[in-house]
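Let's walk through this structure one piece at a time. Have the sequence and the 3D view open side by side as you read.

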Amino acid sequence: MRPAAYIVVAAVAGFIGGNVLQLPEMINKLGGKVVGQKTEPADFWSTPAIEGYGKIHFVNTPAFNPGSTPGLSNKIVFQINRSEGDIRQPNLGLERVARVTNLYYAAGVPLNQLKFVVSINSDAVPAALNNEQFRKTYGVDNPNLKLIGELKKAGVEVSICDQSVAFHQLEREWIDPMITHTLSSGTTVATLQNEGYAFLML
């Protein structure tokens, strides 16, 4: 094959590969137009455990159902390391924790049987700022604090990586007091995994 042909093949492959990587984003954009045409009943979505957050559409199916599988420890450690979307809206990782909590509860697992720990680190650290510091930085109240409060009421432990706090040049006292300080997210996840916790990266 001639060098020019290699260049053409590489260019075409790059174009295809780039568009495949963007496929989920394109589907989301299109999905709003296609799926949005369907009319859903008022009770189609619900937030049974974490009021107002992590909406779910519950379907009572037997496969891999935590509410009907005997002997489960229901121990999960969630790691959140991204700040996605609008900083003035709740962190999407925390919304996903709320969604999992709602799903377990809707499946029949009582909240007092859930052992959920959230480990916030890296670019997600601003979600843990107290209201005063968040407002100084972003000009609005911290939209995550109400969600974190609801998670705490449901028994979910929310923690912060103090290594990430240091790397972001933040003061420890700038972190909201609802949140537990830990040595690091890595050691938190590793410790809990050694104690039998499942690991979910959100």
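Start with helix α7, whose buried residues pack against β1 (75–80), β2 (115–120), β3 (157–161), β4 and β5 (198–201). Before going further, a word on where this comes from: it is a predicted model, in which local features need pLDDT of at least 70, side-chain atom pairs count only at pLDDT 80 or more, and totals for chains, interfaces and linings use all residues. Residues are numbered from 1 along each chain as its sequence is written, and side-chain values use heavy atoms, with hydrogens and water left out.

Helices (H or I, at least four residues) and strands (E, at least two) are DSSP runs, numbered from the N terminus. Buried means under 20% relative accessible area, exposed means over 50%, and partly exposed is in between (1.4 Å probe, protein chains only). A contact means heavy atoms within 4.5 Å.

Back to α7. This helix covers residues 185–194, and S185, T188, V189 and L192 are buried in it. Look down the axis of α7 and those buried residues fall within an arc of 95 degrees (taken from the directions from the helix axis to the C-beta atoms), so they line one face of the helix. As a reminder, an α-helix has 3.6 residues a turn, so residues three or four places apart point the same way. At the start of α7, a side-chain oxygen of S184 reaches to within 3.5 Å of the backbone nitrogen of G186. After α7 comes G196, with a positive phi near 95 degrees.

Four of the five residues of β3 are buried, so β3 is largely enclosed by the rest of the structure. β3 pairs with β2 in the parallel sense over four bridges; two strands count as paired if DSSP finds at least two bridges between them. V158 in β3 is the bridge partner of V118. β3 is also joined to β4 by three bridges, and these two strands run parallel as well. Here S159 stands opposite T180 in β4.

Is M178 buried, exposed or partly exposed? It counts as partly exposed, because its relative accessibility is 27%. Beyond its neighbours within four places in sequence, M178 touches L145, I148, G149, K152 and V158. The C-alpha atoms of M178 and S159 are 8.8 Å apart, with the two residues 19 apart along the chain.

Another helix to look at is α3 (residues 92–106). Its 15 residues reach 21 Å from first C-alpha to last, close to the 21 Å expected at 1.5 Å a residue (the expected span is 1.5 Å times one less than the number of residues). The buried residues of α3 include G93, L94, V97, V100 and Y104, and among the elements covering them are β1, β2 and α5 (145–153). N91 caps the N-terminal end of α3, with a side-chain oxygen 2.7 Å from the backbone nitrogen of G93. G108 follows α3, and its phi is positive, near 110 degrees.

Finally, zoom out. The protein has seven helices and five strands, running α-α-β-α-β-α-α-β-α-β-α-β from the N terminus on. Of its 202 residues, 36% count as buried.

Note on methods:
Polar contact = N/O pair within 3.5 Å; in protein donor to acceptor, adjacent residues only side chain to side chain.
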